[in-house]
Amino acid sequence: MEPAAPSASVTLRDVAAASGVSLSTASRALDERTASRSAAAQHVRKIAEELGYRRNSFASSLRRGETRTLGVLVPRLSDTVMALMFEELERAASDRGYFAMVATSGDDPEDERRAAETLLDRNVDGLILATARLDDDLPRLLRKRGVAHALVLRTDGVSPSAVGDDEVGGYLAVRHLIDLGHRDIAVVTGPSFTSSGVGRLAGARRAFEGAGINPPQEWLIAAGYGIENGFTAGESLLGGGSGKRPTAVFAANDNIALGVIAAAHHFGITVGQDLALVGYNDTPLSARLSTPLSSVRVPLAQIASTAIDLIVNPGKEPHIRKSMPTLIPRESSGPPRHT
């Protein structure tokens with residue numbers, strides 16, 4: 001028997017009657033959550049397919065008080081890391097039988113709150129926020145309302161969070177440059193309102209302190225996470241206005257590093273020879289640049305899986321779970337030329 005074309009007129013009652021089972025038995029056989037392997041259940045599913053029956057999973061979920069849907073809030077999907085993070089969240093959600101839908105906020109707290117309300121109006125079972133600023137009130141409001149949620153890649157220190165250990169990552173990057181022989185090291189971090197920017201700078205400072213290095217304050221720049229931010233910071237560091245420039249730069253994400261590379265090229269400085277450079281996140285482009293970029297790799301798949309579990313399996317400790325980053329050295333970070 002050839003499968004029929006899907007038809008809205010085929011009901012669960014039709015499937016039950018054609019299968020010779022009760023309505024409740026047919027419902028259980030077609031419930032994706034239970035997925036019985038019994039011969040009877042397989043018979044019902046075969047009949048349903050032949051009739052062209054399509055289960056209304058949304059209505060079934062509403063009857064159970066859930067939609068098997070999670071809302072994900074990111075600043076923007078044009079950011080490579082955010083796009084990769086959402087892909088991993090979508091995959092991890094699907095593995096657990098959930099669907100993930102995304103909304104963007106542009107790093108604006110008001111837009112973020114409106115986007116969160118829009119997702120909640122669609123009865124999502126929980127929210128995942130990749131937008132948490134340290135001064136953001138949304139996580140507190142979600143806690144107050146009892147909304148299941150988790151922060152990802154950033155944390156406010158209170159709400160359930162799945163993050164990379166940014167302090168360890170910042171330390172690894174700068175320690176790598178120190179071990180190569182660099183002493184004149186600059187750091188370009190993310191915005192000071194993000195836990196990731198604060199954590200990576202804290203790690204860099206710990207590496208400096210351990211080596212007895214006290215970089216000039218103007219070499220510690222809090223920028224945005226975009227390429228233009230990196231270019232502006234690179235111009236400031238490499239322009240030579242003060243007569244001295246760093247021999248190495250730790251850029252707190254790969255986009256910032258790309259901007260620094262562009263600024264270095266503008267001043268005739270060769271990355272990997274005249275200037276050592278380390279980025280962060282190890283995005284796919286990093287290894288494919290003309291001078292492959294050393295970068296700190298963050299386990300996005302592990303972080304995504306943890307974030308989903310914080311919502312669908314709540315109550316487990318700790319609430320803030322950190323995944324370890326790894327330094328990936330490449331040609332962009334070499335020893336200072338004078339050594």
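What radius of gyration does the protein chain have, and what would a compact globule of 339 residues have? The protein chain has 25 Å, whereas such a globule would be near 20 Å. That radius is taken over C-alpha atoms, and the globule rule is 2.2 Å times the number of residues to the power 0.38. Along the principal axes, the C-alpha atoms fill a box of roughly 85 × 45 × 30 Å.

Hello everyone, a word on the ground rules. This is a predicted model, where local features need pLDDT of at least 70 and side-chain atom pairs count only at pLDDT 80 or more, while totals for chains, interfaces and linings use all residues. Residues are numbered from 1 along each chain as its sequence is written, and side-chain values use heavy atoms, leaving out hydrogens and water.

The protein chain holds 12 helices and 12 strands. Both are DSSP runs numbered from the N terminus: helices are H or I with at least four residues, strands are E with at least two.

Now the sheet. It is open, with 6 strands in the order β2-β1-β3-β4-β5-β11, and the pairing is parallel. Here, two strands pair if DSSP finds at least two bridges between them. The edge strands, β2 (99-104) and β11 (320-323), each pair on one side only. From one strand to the next, the twist averages 20 degrees; angles run from 0 to 180 degrees between N-to-C directions, with axes as lines fitted to C-alpha atoms, for helices over the stretch in contact.

Contact means heavy atoms within 4.5 Å.

Next, two helix pairs. Helix α5 (residues 80-95) packs against α12 (residues 300-312) at about 50 degrees, with axes 8 Å apart. The two are therefore oblique: under 35 degrees counts as roughly parallel, over 145 as roughly antiparallel, 65 to 115 as roughly perpendicular, and the rest as oblique. Among the residues meeting there are L84 and M85 in α5 and I303 and I308 in α12.

How do α2 (residues 23-30) and α3 (residues 39-51) cross? Their axes come within 9 Å and cross at roughly 85 degrees, which means α2 is roughly perpendicular to α3. A26, A29 and L30 in α2 meet A41, V44, R45 and A48 in α3.
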